[in-house]
Amino acid sequence: MAPGDPLNASAPVQAPGDERVEEGVALCLSGGGYRAMLFHVGALWRLNELGYLAKLDRFSSVSGGSITAATLGLHWSMLGFTANGVAEQYVSQVVTPIRALASVTIDQGAVLGGIFTPRTTISDKVAAAYRRHLFGNATLQDLPDEPRFVLNATNLQTGVLWRFSKPYMADYTIGMVPSPKVGLALAVASSSAFPPVLSPARLPLDPDEFALGDRGPNFKPPFTTMAILSDGGVYDNLGLETAWKRYRTILVSDGGGQMAAEGKVATDWARQAVRVNAVIDNQVRDLRKRQAIAGYSRGDRNGAYWGIRSNIGNFRPAGGTLPCDPVRTSVLAATQTRLKAMDDGLQQRLINWGYAVTDAAMRQWVVIGPDVSQAAFPYPIGIG
């Protein structure tokens with residue numbers, strides 16, 4: 001079994017000495033721009049067919065994963081769940097709008113607009129694009145009460161997670177704002193403010209809106225008047241933390257990229273700083289992945305990990321897997337981390353790959369048995 005691929009989900013569920021963890025199922029959706037956004041669409045597609053979408057208690061997401069999660073959450077009441085827990089309107093309510101967004105380049109226009117438009121930041125432009133193409137004037141209060149959707153950003157002022165959700169938004173070092181009215185587009189733009197180009201996002205705050213009993217050591221200006229936020233992946237690219245601390249069963253869909261090796265490294269300050277940041281980012285990703293894999297191995301958690309860089313040959317569920325040539329899936333995994341328009345073929349292949357590897361992981365480690373629905377690529381193009 002290759003490092004980073006799932007371990008047995010049927011291990012004992014007791015986490016020694018951790019009474020905070022409760023029974024329940026959480027899904028973590030990683031960052032990775034449009035690449036991850038579409039990969040997760042495929043993952044959710046297969047989870048839905050397996051009846052697992054309706055079983056999830058929490059979605060925890062960052063960056064590109066937050067685009068997918070927020071779209072799902074906003075349309076949750078319109079998914080049309082059957083008695084078997086399958087959302088009949090998943091394609092129309094989730095796949096179609098996300099694919100429409102994936103046909104539009106956001107990042108380039110946002111950068112130019114943010115540079116040349118007075119009093120408007122790049123992140124403002126990204127939020128405006130999300131508002132126009134996906135979320136309209138919806139706020140966090142338009143998300144469902146259950147399941148819980150948590151969109152994660154990184155607070156550059158305090159160095160910890162900033163969590164957006166319907167019941168509250170919070171940075172534990174500052175405090176909690178109950179029932180926030182923040183626009184869903186702004187929350188997703190904050191979660192996907194990829195540094196340094198799309199970061200930071202600025203979130204105006206009112207100190208009087210913070211709950212009295214949940215104020216931390218940084219409850220003081222300027223922390224309570226303006227949050228300076230960056231991509232959630234800066235802190236936790238898998239969105240693992242807010243799920244891991246709460247639930248026993250953790251499913252992880254990882255559409256994140258990988259730092260390429262460089263034989264010659266620039267020594268000037270600017271380019272060296274970029275390379276150093278890439279190394280730090282890569283290590284954060286690997287540490288979170290190891291946390292999940294080790295937890296499955298020890299029996300602290302149930303669940304499964306699957307990634308865009310997984311080799312489907314490392315999964316051996318009964319009945320086999322969908323045909324996915326590792327050479328072709330590696331090409332898909334190398335898709336740029338951008339909010340840049342993709343053609344229909346690339347969109348379909350990314351969705352198909354997310355669907356196929358989720359099917360393999362779920363049938364091997366989670367939904368083992370003869371009653372599993374038959375898998376078939378959502379699009380006939382396969383992996384290409």
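Biologist: Let's start with Arg363 and Asp359. Which helix do they lie in, and how many residues apart are they?
Modeller: Both are in helix α11, which covers residues 344–365. They sit four residues apart, about one turn of the helix. Keep in mind that this is a predicted model.

Biologist: Good to know. How do the side chains of Arg363 and Asp359 meet?
Modeller: They meet in a salt bridge, with 2.9 Å from N to O.

Biologist: And is Asp359 buried or exposed?
Modeller: Asp359 has 0% relative accessibility, so it counts as buried. Arg363 is buried too, because its relative accessible area of 14% falls under the 20% cut-off.

Biologist: How many salt bridges are there by this rule?
Modeller: The count comes to 12. One of them joins Arg163 to Glu241, where the closest N and O atoms are 3.9 Å apart. Arg163 belongs to strand β4 (residues 160–164) and Glu241 to helix α8 (residues 241–244), so this pair ties together parts that are 78 residues apart in sequence.

Biologist: What else does Glu241 form a salt bridge with?
Modeller: Arg288, and there the closest N and O atoms are 3.3 Å apart. Arg288 lies in helix α9 (residues 269–298) and Glu241 in helix α8, so parts 47 residues apart in sequence are tied together by this pair.

Biologist: Where do those two stand on accessibility, buried or exposed?
Modeller: Glu241 counts as buried at 11% relative accessibility. Arg288 is buried as well, with a relative accessible area of 13%.

Biologist: Which residues are linked in a network of salt bridges?
Modeller: Arg163, Asp236, Glu241, Lys245 and Arg288 are linked that way.

Biologist: Switching to rings now. How many aromatic pairs does the rule give?
Modeller: Nine. Take Phe59 and Phe149: their ring centres are 4.5 Å apart and their planes are at 5°, so the pair is stacked. The planes need to be under 30 degrees apart for that label.

Biologist: Where in the chain are Phe59 and Phe149?
Modeller: Phe59 is in strand β2 (residues 58–62) and Phe149 in strand β3 (residues 148–155). They are 90 residues apart, and the pair links distant parts of the chain. Phe59 counts as buried at 1% relative accessibility, and Phe149 does at 2%.

Biologist: What about Phe210 and Phe219, stacked or edge-to-face?
Modeller: Edge-to-face: the centres are 5.5 Å apart, with 75° between the planes. Phe210 is buried, with a relative accessible area of 3%, whereas Phe219 counts as partly exposed at 24% relative accessibility.

Biologist: Which residues form one aromatic cluster?
Modeller: Phe59, Trp76, Phe81 and Phe149 do.

Biologist: And what lies over the face of Trp244?
Modeller: That's Arg301, at 4.7 Å from the ring centre.

Biologist: Where is Ser63?
Modeller: Ser63 is in the loop between β2 and α2, the latter covering 64–74. Ser63 is buried, with a relative accessible area of 6%.

Biologist: What is Ser63 in contact with?
Modeller: Leaving aside neighbours within four places in sequence, Ser63 contacts Gly31, Gly32, Gly33, Ser191, Ser192 and Asp231.

Biologist: Now Asp254. Which strand is that in?
Modeller: Strand β9, residues 247–254. Asp254 is buried, with a relative accessible area of 5%. Not counting residues up to four places away in sequence, Asp254 touches several others, including Ser30, His40, Lys289 and Trp306.

Biologist: How many residues apart are Asp254 and Gly354 in sequence?
Modeller: They are 100 residues apart in sequence, and 9.3 Å apart in space, C-alpha to C-alpha.

Biologist: Last one: what pLDDT does the protein average?
Modeller: The average is 89, and 90% of the residues score at least 70. Over residues 1–19, though, pLDDT stays under 50. For that stretch the model has 50 contacts beyond four places in sequence.

Terms used:
Residues numbered from 1 in each chain as written. Predicted model: local features only at pLDDT ≥ 70, side-chain atom pairs only at ≥ 80, totals over all residues. Heavy atoms only, no water. Phe/Tyr/Trp six-rings, centres within 6.5 Å; stacked < 30°, edge-to-face > 60°. Helix = DSSP H or I, 4+ residues; strand = E, 2+ residues; numbered from the N terminus. Buried < 20%, exposed > 50% of the residue type's maximum accessible area, 1.4 Å probe, protein only. Lys NZ or Arg CZ within 6 Å of the ring centre and 35° of its normal. Contact = heavy atoms within 4.5 Å. pLDDT = per-residue confidence, 0-100. Salt bridge = Lys/Arg side-chain N within 4 Å of Asp/Glu carboxyl O.
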